[in-house]
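This report is for a reader who has not seen this structure before. Please look over the sequence and the model first.

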Amino acid sequence: MEHQKTVIVIGGGIVGLSCAFFARRAGYRVKVIDPDIASRRASFGNAGILAVCETLPLATPALLRQLPSLLLSRDSPLQIRWRYLPVVIPWLIRFARSSAREPFLRSATALNSVLQTALDAHAELAAACSATELLAPTGWIKAYQSDDAYRSQGDERAELADWGVTMQPLDASDIDALAPGFAGVFAKATLFTDCQQVKSPGEYIARIADGCARQGVEFIRDSARGVVFKDGRLSAVRVSDRPIEGDTFILACGAWSKALAAELGDHVPLDTDRGYHVMLDTGHSTLLRSPLFWHEKSVVFSQLDRGLRMTSSVEFAGLDAPPAYGNIDRTLNAIRSIVPALAELPVEDRWLGFRPSMPDSVPVIGPSAHHPNCFFAFGHGHLGLTLGPQTGRLVAQAIQGRKTDIDLAPFSPSRFTSR
Ligand SMILES: Cc1cc2nc3c(=O)[nH]c(=O)nc-3n(C[C@H](O)[C@H](O)[C@H](O)COP(=O)(O)OP(=O)(O)OC[C@H]3O[C@@H](n4cnc5c(N)ncnc54)[C@H](O)[C@@H]3O)c2cc1C
């Protein structure tokens, strides 16, 4: 059914493209504004894991206890540029508050609800965009060098099991079979069996963009510079030379969404936790059959079509500070001295990306409090690749005024104003 209504999507990462696809499928005329579709943003450079097991939010009492030592160590997986500290303190306070039991459970419930159908949404989107072959049922491994480290995570595994997450313990020989390039390194691991891998996140995004274009989505290669109101109602988005008019708007600029949301009167506590990757050229060898989180080093390895990708954890420094590759380079050097198969692999590429992160780890999916014809779809943090398609499906239901498959109240942009 073709609507006469026009939906304007601002941002063409996995979240914006998914919203565009499902809105178009619902019959709307759809335009996506992005200066750089399928560029080197977060949706391009991530680890490629469809981590449907990650139902627990990041802020936990255990993490908070470790925070002082994490902040003070030069090689810590958590880095803060000290000049950025005053800016990020309010976010960190909210993050700390989110670790209390009640908000923790609220966030876990919300994440659990949206993760349950995340793979189904990927399957639907990928099938329509000729991208199914890029999805692989690999599971994902959390691996430990020592039995003690494995045991130290027992409470987390028990809690995940309570949420219905399926997992399987692996001993050293099982791990070596799944991670031949890392043979002999790990003592114990957990395999999260339901998770999948996108074999090339950049190619996946490119195919989804192509699929959208084939369905009639129009792309405007420009930045949204502001919004236009007519009689108090949002009527257009300003790009460099003109207003782009629409009936419904979807704000999906990832880590860059905060300023445009503020123009609409919605002040959301969005920040960016920056992450790095290094690509190693593995030639034709397969070092890993399933993506792997190395607990002691706090890095993720993924064997992608184009080589082995190592991604690092978290840096708070805002959107404008230049990359600082020192930390990930030092981690890689330390790992090369432990894993002989990595020692000589050439580094093909180094990259910095911007995760759009909310302090409670729950994305923002829902209408602006002041302009109900603008829907927000951002703040997916460490799970944006996993949750992008499901977010698009939910937003498309919501803009049609239909009952959404899951309750969107816990994802509301206003949820922080009452807390
Ligand atoms: C190192 C790393 C590893 C990760 N690993 C995983 C993983 O394994 N699994 C997982 O699920 N998630 C992972 N993530 C998180 C995931 O990549 C992000 O959550 C997700 O890509 C966010 O998608 P997005 O569409 O919201 O944002 P983005 O991909 O950042 O896209 C936002 C888009 O908005 C555009 N834009 C910005 N400003 C404007 C403007 N003014 N006007 C128009 N357009 C604009 C940008 O050009 C960009 O294309 C990882 C992230 C990092 C950094």
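The sections below go through the sheets, a hairpin, the helix contacts and the ligand site.

## The model

The structure described here is a predicted model.

Strands of a sheet pair through backbone hydrogen bonds, either parallel or antiparallel.

Gly366 has Phe376 in E22 as its bridge partner.

## The three-stranded sheet

Another open sheet consists of 3 strands in the order E3-E9-E5, with antiparallel pairing. Strands E3 (49-50) and E5 (135-136) are at the edges with a single partner strand each, so one side of each has no neighbour in the sheet.

Strand E5 is joined to E9 (residues 196-198) by 2 bridges, and the two run antiparallel. The bridge partner of Leu135 in E9 is Val198.

## A hairpin

Strands E11 (residues 226-230) and E12 (residues 233-238) pair in the antiparallel sense over 5 bridges. Val228 has Ala236 in E12 as its bridge partner. The hairpin of E11 and E12 has 2 residues between the strands, and Asp231 in this hairpin takes a positive phi near 50°.

## Contacts of helix H6

Two packed helices are described by the angle between their axes and the distance between the axes. Helix H1 (residues 14-25) packs with helix H6 (residues 118-128) at an angle of about 75°, and their axes are 11 Å apart. This angle makes H1 roughly perpendicular to H6. On the H1 side, the contact involves Ser18, Phe21, Phe22 and Arg25; these meet Ala121, Glu124, Leu125 and Ala128 in H6. By class, the residues of the contact of H1 with H6 are 5 nonpolar, 1 polar and 2 charged.

Helix H6 also packs with helix H14 (residues 384-399): their axes come within 8 Å and cross at roughly 75°. H6 and H14 are therefore roughly perpendicular to each other. From H6, the contact takes in Ala118, Asp120, Ala121, His122, Glu124 and Leu125, while H14 brings Leu385, Thr386, Leu387, Pro389, Gln390 and Arg393. The contact of H6 with H14 divides into 6 nonpolar, 3 polar and 3 charged residues.

## The ligand site

Which of the 33 residues around the ligand come nearest? They are Asp34, Ser43, Ile49, Gly381 and Thr386. Thr386 is also one of the H14 residues that meet H6. A polar side-chain atom of Thr386 lies 2.7 Å from an oxygen atom of the ligand.

For Val15, a polar backbone atom is 3.1 Å from an oxygen atom of the ligand. For His382, a backbone N or O atom is 3.0 Å from a nitrogen atom of the ligand.

Conventions
Residues are numbered from 1 along each chain as its sequence is written. This is a predicted model: local features need pLDDT of at least 70, side-chain atom pairs count only at pLDDT 80 or more; totals for chains, interfaces and linings use all residues. Side-chain values use heavy atoms; hydrogens and water are left out. Axes are lines fitted to C-alpha atoms, for helices over the stretch in contact, and angles run from 0 to 180 degrees between N-to-C directions. Helices (H or I, at least four residues) and strands (E, at least two) are DSSP runs, numbered from the N terminus. Angles under 35 degrees count as roughly parallel, over 145 as roughly antiparallel, 65 to 115 as roughly perpendicular and the rest as oblique. Contact means heavy atoms within 4.5 Å. Ala, Val, Leu, Ile, Met, Phe, Trp, Tyr, Cys and Pro count as nonpolar, Asp, Glu, Lys and Arg as charged, and the others, Gly among them, as polar. Two strands pair if DSSP finds at least two bridges between them. A residue is near a molecule or strand if one of its heavy atoms lies within 4 Å of it. A polar contact is a pair of N or O atoms within 3.5 Å; within protein, one must be able to donate a hydrogen and the other to accept it, and residues adjacent in sequence count only if both atoms are side-chain atoms.
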